[in-house]
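Please go through the points below with the model open beside you. Each one picks a part of the fold and says what to look for.

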Amino acid sequence: MRINRARLAESMDALGKIGETARGGLNRVALTDDDRRGRDLLVRWMKEAGLAVTVDQMGNIFGLRAGTEARPPVFMGSHADSVPSGGKYDGQLGVLCALETLRSLNDRQARTRHPVGMIVFTNEEGARFQPAMIASGVMAGKIPLEDAYNTRDRDGVRLVDELERIGYLGSEPCVPRPMRAYLELHIEQGPLLEEEGLPLGVVEGIVAIAWSRITLHGVQDHAGPTPMRLRHDALVAAADIVTGVRGIARRIAGDMVGTVGRLDLTPNIPNAIPGRVSLSVDFRDPQEANLDRALAMLDHVVHVAARQEGVRAELEHYWRGGGGRRRGRGHLARLRPSPHPLGRRPRRAVHGRHLSHRHDLRPLPRRPQPLRGGVHRARRHRARRQRAAARVRAPRGCRVGYSRALRRRISSS
Ligand SMILES: [Zn+2]
């Protein structure tokens, strides 16, 4: 079965206009007005495709195409939210390839024994409400609904209030539901497939992630009169930690990566010694054990940095996720008939992984796609037509993957 590539490209363009940044990227953070507009458009398309559309208590949107038998559905999907400077292919591609697959089934008036459907997950990115993948986490039974509802963004706004405000506080229970399979197409968020010249890869495993936050309490003082020997500069200690995180990742090596992505500084003015700094640390590695090592090393780095500068440090390892199962070899074999060579890569992003905790949900792994430039963030996106075309061409491989996998799934059960 072939999909309609032009229609897929048009849909990508139309949905990508909602929250489009001046530089051709995407700023459609979860549960904002733009997220609502994007959802409204998707729901309209889903209804036009004849899908039965429902919304659950976490705002996850489901669209189902009936099968000829009362069997558990095969679902495809992804997320429609972005980070503040996201790319148009992260999330959207998975959602719209799912929709395009369903539209193509309609075009052929194809009948399937299993129902086939799509899911649009809420707040997978976690840019606004933490943790990331909170809605799929609730659905997988990993996060209590009440906890998710009470999660607040940086302005103190509760997730449940925003769900209600944008009209996506659904009534369907957000619980594990019967599924024959779950498939997700996703761009690779790193440069490896492109580096190796592979248009498609199959995810074998999901990296484990650990998040920590550190607050350093120094002594805020005037920049002029305070001699260097009397300073307790929270930012200097933070700088040591930033360098230390790099050092930890280098020492563990392999696939370990470590990032300090957030730094909050008080008072953050040119003529004062920073009195308080808080920073985030994000470690990722396919092997959980390496994360344990990294966190132990981080404890040490923070301790030494604080002692050297005479500041007090609070360190909290507050979230762990991802990791664990390695799947995909069997699926890789099934996908072999694809005209494209397939690469295998652990993926560094984790959206959707909660689904894999459901024992009666047997997800096919996501297929990460390479993206020209290797980076999906907007500022590095080239908006040029040619490049866009190159990216849109990628789904051809996914079409093969989808259709074969679906056919296999549908006929084998
Ligand atoms: Zn994503």
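1. Start with strand 2 (residues 61-65) and strand 4 (residues 116-121). They run antiparallel and are joined by five bridges. Find Phe-62: its bridge partner in strand 4 is Ile-119. Two strands count as paired when DSSP finds at least two bridges between them. Strands here are DSSP runs of E with at least two residues, helices are runs of H or I with at least four, and both are numbered from the N terminus.

2. A word on the source. This is a predicted model, in which local features need pLDDT of at least 70, side-chain atom pairs count only at pLDDT 80 or more, and totals for chains, interfaces and linings use all residues. Residues are numbered from 1 along each chain as its sequence is written.

3. Two residues are in contact if their C-beta atoms, placed from the backbone, lie within 7 Å.

4. Is Ala-70 buried or exposed? Look in the loop between strand 2 and strand 3 (74-79), where Ala-70 is found. Ala-70 is exposed, because its count of other C-beta atoms within 10 Å is 9. The cut-offs are these: 20 or more other C-beta atoms within 10 Å means buried, 12 or fewer means exposed, and anything in between is partly exposed, with C-beta atoms placed from the backbone. The C-alpha atoms of Ala-70 and Arg-113 are separated by 7.9 Å, though these residues are 43 apart along the chain.

5. Move on to strand 13 (residues 276-285). It is mostly covered, with seven of its ten residues buried. Strand 8 (residues 208-217) runs antiparallel to strand 13, and ten bridges join them. His-217 has Arg-276 as its bridge partner. Strand 10 (residues 257-259) also pairs with strand 13 in the antiparallel sense, over three bridges. There, Val-257 stands opposite Arg-284. Strand 11 (residues 263-266) is antiparallel to strand 13 too, with four bridges. In strand 13, Ser-278 is the residue opposite Asp-264.

6. Which residues does Ala-238 contact, leaving aside neighbours within four places in sequence? They are Leu-216, Leu-263, Val-277 and Leu-279. Ala-238 sits in helix 8 (residues 234-252). Ala-238 counts as buried because it has 29 C-beta neighbours inside 10 Å.

7. Finally, check the confidence. pLDDT is the predictor's confidence in each residue, from 0 to 100. The protein averages 83, and 78% of the residues score at least 70. Over residues 348-365 the pLDDT is below 50, and this stretch has 59 contacts in the model beyond near neighbours in sequence. Residues 371-413 also have pLDDT below 50, with 88 such contacts.
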